Amino acid sequence: MKIFCVGRNYAAHAKELGNATPEAPVIFMKPATALLKEKYFFLPEFSNNVHYETELVLRIGKNGKAIEEKFAHRYISEISVGIDFTARDLQEKQKQKGLPWEIAKSFDNSAVVGDFLNAKEYNLQKVNFKLMLNGEEKQNGDTANVIFNFNYIIHYISQYFTLQQNDLIFTGTPEGVGQVKAGDKLEGFIEEKKLFEIGIK
Ligand code: MG
């Protein structure tokens with residue numbers, strides 16, 4: 001199982017981190033060991049500034065390579081909401097040096113994924129998702145606002161990497177990212193359905 005992530009796919013978020021709007025999808029990966037399997041996320045020793053990034057997550061339903069955009073929707077079996085945890089302090093250092101982001105993005109338990117919903121029951125071009133932090137809404141996104149739509153992202157990724165059943169794609173965060181602290185409770189929603197609840201330790 002591979003986890004792909006799209007960076008800077010919402011203009012307001014790219015702007016809040018001082019990045020330009022990208023001309024092509026920004027793709028990075030997390031290994032399978034990044035998937036959080038518990039109900040708690042333990043703040044890692046190596047960072048003093050771990051951020052939540054709340055994202056719509058796609059699950060791939062069948063294998064494919066060089067997928068045409070017009071057929072890409074057939075490869076999305078399920079959707080969920082997740083967190084792309086990011087060690088923002090490490091990421092800033094890596095960015096300044098022009099080095100890869102993996103240590104800031106792909107560490108153990110950095111990928112939270114909620115329960116899955118059948119993709120066919122949603123219009124993927126208009127799905128609302130949100131994050132509640134300690135009962136307060138911190139991020140509210142709508143897939144209508146993405147820079148690169150999901151069909152194009154699948155087409156783009158599959159030119160370089162064979163997509164396999166159960167691969168996941170984090171499709172980018174809207175604005176409103178922020179730091180997590182010990183004792184925080186994070187809840188992720190698609191529309192009114194709560195799909196994950198995790199505690200920070
Ligand atoms: Mg992200």
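Colleague: Before we talk partners, what makes two strands count as paired?
Modeller: DSSP has to find at least two bridges between them. Keep in mind that this is a predicted model.

Colleague: Fine. How many bridges join β3 to β15?
Modeller: There are 2 bridges, and the strands run parallel. β15 covers residues 193–200.

Colleague: And which residue in β15 is the bridge partner of F41?
Modeller: That is I200.

Colleague: What is the strand order in that sheet?
Modeller: β3-β15-β14-β10-β11. The sheet is open, with 5 strands and mixed pairing.

Colleague: Which strands stand at the edges?
Modeller: β3 (40–41) and β11 (136–142). Each has a single partner strand, so one side of each is left without a neighbour in the sheet.

Colleague: Switching to the metal. Which residues coordinate the magnesium ion?
Modeller: E53 and E55 through OE, and D84 through OD. The distances are 2.0 to 2.1 Å.

Colleague: What spacing do the donors follow along the chain?
Modeller: E-x1-E-x28-D.

Colleague: Is E53 buried or exposed?
Modeller: Buried, because its relative accessibility is 4% and the cut-off for buried is under 20%. E55 is buried too, at 1%.

Colleague: What about the sheet with β4 in it?
Modeller: That one is open, with 3 strands in the order β7-β4-β13 and antiparallel pairing. β7 (86–87) and β13 (178–179) stand at its edges. Each has a single partner strand, so one side of each lacks a neighbour in the sheet.

Colleague: How many bridges link β4 and β7?
Modeller: 2 bridges, with β4 spanning residues 50–52. In β7, T86 is the bridge partner of H51.

Key
Residues numbered from 1 in each chain as written. Predicted model: local features only at pLDDT ≥ 70, side-chain atom pairs only at ≥ 80, totals over all residues. Heavy atoms only, no water. Helix = DSSP H or I, 4+ residues; strand = E, 2+ residues; numbered from the N terminus. Donors = N, O, S within 2.8 Å, 3.2 Å for Na, K, Ca; no water. Buried < 20%, exposed > 50% of the residue type's maximum accessible area, 1.4 Å probe, protein only.
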